Every structure is written in structure tokens, then in C-alpha cells.
Amino acid sequence: HSKHRNVSRKAEKESVMIKKGGAELIEDYAMLERETQDRTGRKASGLSYYEKQVTFLKDNIIVYVAYKDSEPQAGGIFYYNQQRCYYMYGATAKGAFTGSANLLIWTAVRDMKERGVKEFSFVGCRINEDDGSKYSGIQMFKGRFGGKLRQGYMFRYEKSPRMYRLFCKVMQWRIHSDKIYQDPIDEEIHKWKDIQV
């Protein structure tokens, strides 16, 4: 999309630098994630969570961080193998320099192509989102990179409804929310009038 191209070029011209690596970038990424989650009222996964991922995934994980004047602006964590790269986690600083996240992802896409990775996945989106909603904005951001949408399916099997309710309470506590925890199915089910529950 022309807007993504323009803001990426502007970020490059304004000396936004993209660093890629592993453990040496985790601290900056975790800080960006904390800022991002603070804005949404959720609890960040934290430094040790990402350090473990880098340790265990070794050659199948790469961290990108965009810097402007040595200050982290945006970050991304990508899992990959020769078949596919997954954009698993993303975060931005409050008031991040315009185009830094766009440039970061475009850099990752180009790098994966150079590595011979066949596909790049944004991991998912919600297609029928209400205009102006958080997920609508995320979908628009991902969609403007020019990928193709593939229809997927959502399902949940509750072996024990009681244990599932307990799980929801734990998740509500973990993300420090006053609202009852809802997974993507709970959040979307009201849109499916003909579904059988």
C-alpha cells in the first residue's frame, strides 16, 4: 500500500535504524512490549519469557528493533524455518516515530526472502471487525503489506466447563483485568447468527 511505502521511506530517510539479532535485543523488545501492554491495560509477558524463547528456539527465532536516535521505537519477534516466517509478537513505543514499525516489518520480509524462506505469515487477523475498533486497525496495518487472506476456522472444545471457567479466572487475574476473560471465539461469536453452540 502506498501509505506503508511512504512512511517506510520517510523513516529510512530520517535515519530510523533496524537492528536484528537475538538475546542482545530482548531487553529493548521487552521494554517496548511493556509500554504496549500498559496502553491496553494488560500485563506484559516479561523479559524472562522472551529470553527463554531465544534460548530454546535458537536458529528459528529472530528479534528486530527499530531505533531513532538510539531510542527503541518498535520491535518484532519472528519464528521461522525454510517454509515460513511467522510474525509472532510486535510492540511499539508510545508516540513511536512514524513508519518505524512499517520499516521494521518490511525489513524482516526482505530478510526472509534473502534467506530463502518461502512464505511470510502475519499469523492471523479478524476480517469482519467493526470500523474503528482495535482489531480493525491491526487488520488494516497487516493488510496493507499486500498479503493474501486465507480463511481459517476457530473452534474450542471444553472438556470440562468448570476447568475452563477456572482457566478464564486465572487469565483475568494474569492480565489484571476487571472484565471477564474472553478468548477470540467469545469475542466474535455474537457475529455468527447461525452458529450452533
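**Figure 1. Glutamine 172 sits in helix H6, which covers residues 161-174.** Helices here are DSSP runs of H or I with at least four residues, strands are runs of E with at least two, and both are numbered from the N terminus. Glutamine 172 has a relative accessible area of 14%, so the residue is buried. Buried means under 20% relative accessible area, exposed means over 50%, and partly exposed falls in between, using a 1.4 Å probe and protein chains only. Glutamine 182 is 10 residues away from glutamine 172 in sequence. Their C-alpha atoms are 8.6 Å apart in space.

This is a predicted model, where local features need pLDDT of at least 70, side-chain atom pairs count only at pLDDT 80 or more, and totals for chains, interfaces and linings use all residues. Residues are numbered from 1 along each chain as its sequence is written, and side-chain values use heavy atoms, with hydrogens and water left out.

**Figure 2. The whole protein has 7 helices and 5 strands.** From the N terminus, the order is α-β-α-α-β-β-β-α-β-α-α-α. The radius of gyration is 18 Å, close to the 16 Å of the globule rule for 197 residues, so the protein is as compact as a globular protein of that length. That radius is taken over C-alpha atoms, and the rule is 2.2 Å times the number of residues to the power 0.38. The C-alpha trace spans about 50 × 35 × 35 Å along its principal axes. Of the 197 residues, 36% count as buried.

**Figure 3. The largest nonpolar core holds 19 residues.** A nonpolar core is a set of buried Ala, Val, Leu, Ile, Met, Phe, Trp, Tyr and Cys residues joined through side-chain atoms within 4.5 Å. Tyr64, Phe78, Leu104 and Met112 touch the most other members. Strands S2 (61-68), S3 (71-80) and S4 (84-92) each supply at least two residues of this core, and so does helix H4 (100-114). H4 gives the most, with 6 residues. Apart from this core lies another, of 15 residues, among them Leu25, Leu32, Tyr67 and Ile77.

**Figure 4. Leucine 104 and its contacts beyond four places in sequence.** Contact means heavy atoms within 4.5 Å. The partners of leucine 104 are Ile18, Tyr64, Val65, Ala66, Ala74, Gly75, Gly76 and Phe78.

**Figure 5. Serine 100 lies in helix H4.** With a relative accessible area of 1%, serine 100 is buried. Neighbours within four places in sequence aside, serine 100 contacts Ala11, Val16, Ile18, Ala66, Gln73 and Ala74.

**Figure 6. Asparagine 102 also has its place in helix H4.** Its relative accessibility is 9%, so asparagine 102 counts as buried.

**Figure 7. Serine 45 is in the loop between helix H2 (23-40) and helix H3 (47-57).** This serine is partly exposed, with a relative accessible area of 25%. Leaving out neighbours within four places in sequence, serine 45 is in contact with Glu33, Tyr50 and Arg174. Isoleucine 61 is 16 residues from serine 45 in sequence. In space the two are 17 Å apart, C-alpha to C-alpha.
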